[in-house]
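Thanks, everyone. I'll take one chain today and walk through it a few residues at a time. Have a look first.

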Amino acid sequence: MSGKDFSQFLSNKDNQSIQESVKKSVDPNLFINEQTLKQIEAETTKHFWINYFTQSIVTTFVAPLNTIYTSLQLSVIPHQNKYGDLPEESGTKTSTQLVKTTRDIQPHEKRKFELLIKSGAVGSNKPFRAPIYTTYREAFQGLTNQGWQAFFKGNLIGILHLLANSHLKIKLLSDLDFRLGAMWHEGNQLLRQAVILGLVTVSDVASNPFMLFQSRFILQNRLPNFYLYKNLLSAFKKHVRHKKEYFQGSTTYLYKNGFIFLVQVPIQFSQKLEQFQMLYLYLSYNLISYPFLTIVRRLHCQSTLPGMIPIRYSGPFHALRLITQEEGIKGLYRGFGLYLIGSGLLQYIMFGTQIDQGDF
């Protein structure tokens, strides 16, 4: 039957039902014209920017929580005794002890003592070294001594990371959705989830430089004469000859997303878990993500540069083993309480405004 004969066959009134069945069996994406595609793209872009603007505001609102829990994540407790020049007793000196120390200090040590006071360091922390906080109170005090701006260190870089990461995720997923059409939505859900986490991993690795410098800006002392990076541009310039440092610690995302995939597999096969799907996904994601977030933050910040964490970990699994051995499970979850509060606030606001939430 020729093409003309077939069109005449479909136009026959007696074959209306066949014509309808043929249309229903064909992928509806084949009938989308260029104008419709432009409308869909415009709506998607509009939704993305509304989503991004809302997340940026909420992220700025919870930035102090982010700075405090990240400061605790980056506190490597064994480094308290690493340098060999720290006193045995730890903790913040009382005013009486501080006066006594001032009287006993030698003239050639005066400059060092003045630097210590100006740096705002608490406890046994020293200028030009990565601070070590053991409690929320110490972290809060140390940041307060650097001024109120310290609670927003790295926030702008975090917003840029959110933009790059979210845009890349949406771009990759929407392109895949358009290419596969109905097959993508009606196929194996487990395979679909694995592909999504794979694309998320690609986005995480690609946007790693922003997260790396966010970690380092939070760790560094922002006061004059003590900061390592003045701004994001100077940070990129400082490492331009060693571009591989931009992706330091990025392999951690592969392991993190792999573990998340394995933990979320039961939700595909258990009808009982479906009743608690959102709670299960929320708890499993955060409980697994946070230890890996601690690991990637420390890998981001280990360096020979002043104010950063001295090189200690050879990779994600070595970091996991060493942190567990030296600091216990608590070392992986230091600051987890504030993380849950910030993450909960973000997701509550995003769900409340009926906008999809992103990673905190």
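Let me begin with Tyr 133. Tyr 133 is buried, because its relative accessible area is 4% and the cut-off for buried is under 20%. One caution before I go on: this is a predicted model.

Where does Tyr 133 sit? It is in the loop between helix H6, 110-119, and H7. Its C-alpha atom lies 8.5 Å from that of Val 122, and the two residues are eleven apart along the chain. Now the contacts, leaving out residues up to four places away in sequence. Tyr 133 touches Ser 71, Leu 72, Ser 75 and Ile 77, among others. Its partners also include Val 122, Asn 125, Gln 146 and Arg 334. Glu 138, Ala 139, Gly 142 and Leu 143 are among them too.

H7 spans residues 136-144, and its buried residues are Glu 138, Ala 139, Gly 142 and Leu 143. Seen down the axis of H7, they fall within an arc of 130 degrees, so they line one face of the helix. What do they pack against? The buried residues of H7 pack against helix H4, 63-73.

In one, the side chains of Glu 327 and Arg 298 meet, at 2.9 Å from N to O. Glu 327 is in helix H17, residues 316-327, and Arg 298 is in helix H16, so this pair ties together parts 29 residues apart in sequence. Glu 327 also bridges to Arg 334, with the closest N and O atoms 3.0 Å apart.

Next, Arg 312 and Glu 326. Their side chains meet in a salt bridge at 2.6 Å, N to O. Arg 312 is in the loop between H16 and H17, Glu 326 is in helix H17, and the two are 14 residues apart. Glu 326 counts as partly exposed, at 37% relative accessibility.

Back to H16, which covers residues 277-301 and holds Leu 283. Leu 283 is partly exposed, at 39% relative accessibility. Together with Phe 276, Leu 279 and Leu 287, Leu 283 forms a nonpolar patch on the surface. The patch has about 380 Å² of accessible area.

Gln 248 lies in the loop between helix H12, 232-238, and helix H13, 252-264. A polar atom of its side chain is 2.4 Å from the backbone oxygen of Leu 299. Beyond its sequence neighbours within four places, Gln 248 contacts Asn 208, Leu 212 and Arg 216, and also His 300, Cys 301 and Gln 302, among others.

His 161 is in helix H8, residues 155-180. It counts as buried, at 16% relative accessibility. Its side chain makes a polar contact with the side chain of Ser 207, at 3.5 Å. Phe 210 and Met 211 are also among the residues His 161 touches.

Finally, the whole chain. It has 19 helices and zero strands. Of its 360 residues, 39% are buried. Among contacts between residues at least 6 apart in sequence, 72% join residues at least 24 apart. The chain exposes about 21,200 Å², with 61% supplied by carbon and sulfur atoms.

Definitions and conventions: Residues are numbered from 1 along each chain as its sequence is written. This is a predicted model: local features need pLDDT of at least 70, side-chain atom pairs count only at pLDDT 80 or more; totals for chains, interfaces and linings use all residues. Side-chain values use heavy atoms; hydrogens and water are left out. Helices (H or I, at least four residues) and strands (E, at least two) are DSSP runs, numbered from the N terminus. Buried means under 20% relative accessible area, exposed over 50%, partly exposed in between (1.4 Å probe, protein chains only). Contact means heavy atoms within 4.5 Å. Accessible areas come from the Shrake-Rupley method with a 1.4 Å probe; for residues, only the protein chains shown count as cover. A polar contact is a pair of N or O atoms within 3.5 Å; within protein, one must be able to donate a hydrogen and the other to accept it, and residues adjacent in sequence count only if both atoms are side-chain atoms. The arc is that of the directions from the helix axis to the C-beta atoms. Patches are made of residues with over 30% relative accessible area and no salt bridge: like charges are joined within 9 Å, nonpolar side chains (Val, Leu, Ile, Met, Phe, Trp, Tyr) within 5 Å. A salt bridge is a side-chain nitrogen of Lys or Arg within 4 Å of a carboxyl oxygen of Asp or Glu.
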